[in-house]
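Walk me through this protein, please.

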Amino acid sequence: MIIKNEHSAVSPYLKDASNFPGSSADAVVIPETTEELVAFLKDNDQPVTLSGARTGLTASGIPLSGLVVSLEKFRQLEGPDAQGKLRCGPAVRLREIQEHLKGSGWFYPPNPTEALASVGGTVATNASGSRSYKWGATRNYIEELEIVLVDGRRATVRRGQSTRDPLVFDDGSRIVFPEIGYTSPDCKNAAGFFVRPGMDWLDLFVGSDGTLCLFTRIQLKLLPDPADFLSGILFFKTEEACWDLVEALRSSDEEHIRPCALEYFDRYSLSRLKTEFPTLPSFAQAALFFEQDVPDEDAFDAFLESWYEFLESREVDLDASWFSQSPADLEKFHEFRHRVPLIINEENSRNNRMKMGTDMAVPDSRFQDMMRYYRATLEEAGMPYVVFGHIGDNHLHINLMPPANQRERALAVYDRLVTWILQNGGTVSAEHGIGKIKKDYYRRMVGAETLDQLIQIKRCFDPRGLLGQGNLF
Ligand SMILES: Cc1cc2nc3c(=O)[nH]c(=O)nc-3n(C[C@H](O)[C@H](O)[C@H](O)COP(=O)(O)OP(=O)(O)OC[C@H]3O[C@@H](n4cnc5c(N)ncnc54)[C@H](O)[C@@H]3O)c2cc1C
C-alpha cells in the first residue's frame, strides 16, 4: 500500500472540477488490493474521502479533513462475455471502456460528457449523458458491485437482491433496510439516495455520493452495438423555434424519429464555441445536437430521409445546419458538445470563480414554462450566463458567471430558479449529485423530516460518520 503525505503529493487530490475551496487532508492512501484496503479500514478511525478521477462538479470526492483513499490501482478490465457483461475495477476510465469495446459488437450506453471520469465515480454519482435521453443513467447498467464498508466489512451485491431482505456481509453481520416513508421523485433525478419500496440494494449504492461504501469491483451490463448513428447540429434563428422542435420530436410517432440524444446550446454557448468552430452560422440564436441510433446499416438511408422530411416543415435552417457524413463528423459533434462545459470551467478557473451551475429538471409538462422562466429571470439578472444541456429531459445546465463583486446577487438568482423548479415538481440535481455544494437545495427539496429519515440509512452503513464527510447531509 502506498501512503503519500508530502504536500505536493496530496494537493492534486484536493481539487475537482467544482473549484471548491477549503479542502484539506493529511495523507492519501493507495491500496493495491481489496485485502490491503480492508486491513487498512479495519484499523482506521479517521475520516475517509474516496477519490475517483476528480472530474466531479459537486466536490463530493474532495476531503474536508482526514485521509483520501484512492483506488487508482484497481484497473482490471475483463470481458465482455457472451451475455454482454463487462467486469472492471473502479479506476477504469469511461474512455478506456469505449476504446475496449470498439469492434466487440457491444455498447455501454451511459456517456457523460467527461469521458475521463472513472467508472467508480460514475456509479457513485449515477452519472448520465446525452444518450440517457433514450437509454437512461448508469443505474440501469449495474449488474453487480463488490462493496467495502468504512469499517472494513465486505459484500458482493447482485441485481435482484431486494432491500426487503437483509444485506449479509463476509463476517456474517447483516444490515436491515430501515422503514422510511420517502420515495424518490419519478423524473430524471440524481439528488441523494435513491429510495423506492422493495428496490434492489444495488439501487441504493448507485448514486450514494461517496457516503455509504467503497466499490472495489463493478460488473456492467452492455447492449448490442447499434450499427450506426445519424447525427446533426441544427441551427435556429430564434430560441422558440428550437424549443418547439424539441416538443415535436418528443411527441412524434414516426418510427424513424426516435432520437437517443437531444442537446441544447443557447446563443452564449455558441458565441464561446465560435473561435474553435468558425463555420458556426452567425445568425444562430440557438442550436440542437441530435443523435439517432440506426440498428442496421441498410436502414440508414430510410432514417436520413425521415429526418429530412420531418425537419423540412420546421423553422430550422437546414442549409446552414450540419449533418454527419462519417465517424469523424460524429466525433466532431461530440467534441462540439464537450467543449461547452470545458470552456466555462476554464473561464471560471481563469477568474478564480467557483462554478455556479444548475443541474435541475422538471417533468415534460413544465418544459416550455421552464424555458421562458429561465430566459426572463436570467436576462433580468443582467450578468453573464450560459445555458446548455439535456433539453430532451427538460434538464438544462445554467452557468452563472458573475464578476467577483456580484457573487451574492448571482446566488440570489440561483435561489429563485430553485424555488421555481421545486414549485413545479422538479429536482435540484438530475445528474451531478449533491456533494458538498448543493446540500441546502437538497434539504429544501426533501424537507427536514425526510432528511432525518435518509440520515438513518447513512447510520446503518457508517454509524461513526467517517465516509465522505460533508457530502449530502
Ligand atoms: C467537462 C465536464 C463535463 C461533465 N459532464 C457530465 C455529464 O454529462 N454527466 C454527468 O453525470 N456528469 C458530468 N460531469 C461530472 C463528472 O464527470 C461526473 O460526476 C463523474 O461521475 C465523476 O467521476 P469521477 O471519477 O471524476 O469521480 P470523483 O469526482 O473523483 O468523485 C465523485 C464521487 O464518486 C465517489 N467515488 C469515486 N470512486 C468511488 C468508488 N470506487 N467507490 C465509491 N465511491 C466512489 C467519490 O467519493 C465522490 O463522492 C462532467 C464534468 C466535467 C468536468
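The side chain of Lys-188 makes a polar contact of 2.9 Å with the side chain of His-395. Its side chain also has a polar contact with that of Asp-393, at 3.3 Å. A polar contact here is a pair of N or O atoms within 3.5 Å; within protein, one must be able to donate a hydrogen and the other to accept it, and residues adjacent in sequence count only if both atoms are side-chain atoms. Lys-188 sits in the loop between β11 (174-175) and α6 (201-205). Such labels come from DSSP runs, numbered from the N terminus: helices are H or I with at least four residues, strands are E with at least two.

This is a predicted model, in which local features need pLDDT of at least 70 and side-chain atom pairs count only at pLDDT 80 or more, while totals for chains, interfaces and linings use all residues. Residues are numbered from 1 along each chain as its sequence is written, and side-chain values use heavy atoms, with hydrogens and water left out.

Now turn to the ligand. Ala, Val, Leu, Ile, Met, Phe, Trp, Tyr, Cys and Pro count as nonpolar; Asp, Glu, Lys and Arg count as charged; the others, Gly among them, count as polar.

A backbone N or O atom of Arg-54 is 2.8 Å from an oxygen atom of the ligand. For a polar backbone atom of Thr-113, the distance to a ligand oxygen is 2.9 Å. For Gly-121 it is 3.4 Å, again from a polar backbone atom to a ligand oxygen. On its own, the ligand has 980 Å² of accessible area, and the protein covers 98% of that. Accessible areas come from the Shrake-Rupley method with a 1.4 Å probe.

Next come the empty spaces. Rolling a probe the size of a water molecule over the atoms shows where empty space is left. The search uses a 1 Å grid over the protein atoms alone: a cavity is a set of points where a 1.4 Å probe fits but cannot get out, a pocket is an open set with protein on both sides within 12 Å along at least five of seven lines, and lining residues have an atom within 4 Å of a point. Grid points are joined across faces, edges and corners, and a volume is the space filled by probe spheres set on the points.

The second largest pocket holds about 1200 Å³ of space. It is lined by 37 residues, and Gln-98, Lys-102, Arg-131, Glu-331 and His-334 lie nearest its centre. The largest share of this lining, 7 residues, comes from α10. Where does the second largest pocket lie? Domain 2 (77-224) and domain 3 (228-423) both give residues to its lining, so the pocket lies between them. The domain bounds come from an automatic or database domain assignment.

The structure has 1 cavity of 30 Å³ or more. The largest cavity holds about 100 Å³ of space. Its lining includes Glu-239, Trp-243 and Tyr-264. The largest share, 4 residues, comes from α11. The lining has 8 nonpolar, no polar and 4 charged residues.

Two backbone details remain. A cis peptide bond joins Gly-79 and Pro-80, with omega about 5°. Asn-126 has a positive phi, near 45°, in a residue other than glycine.
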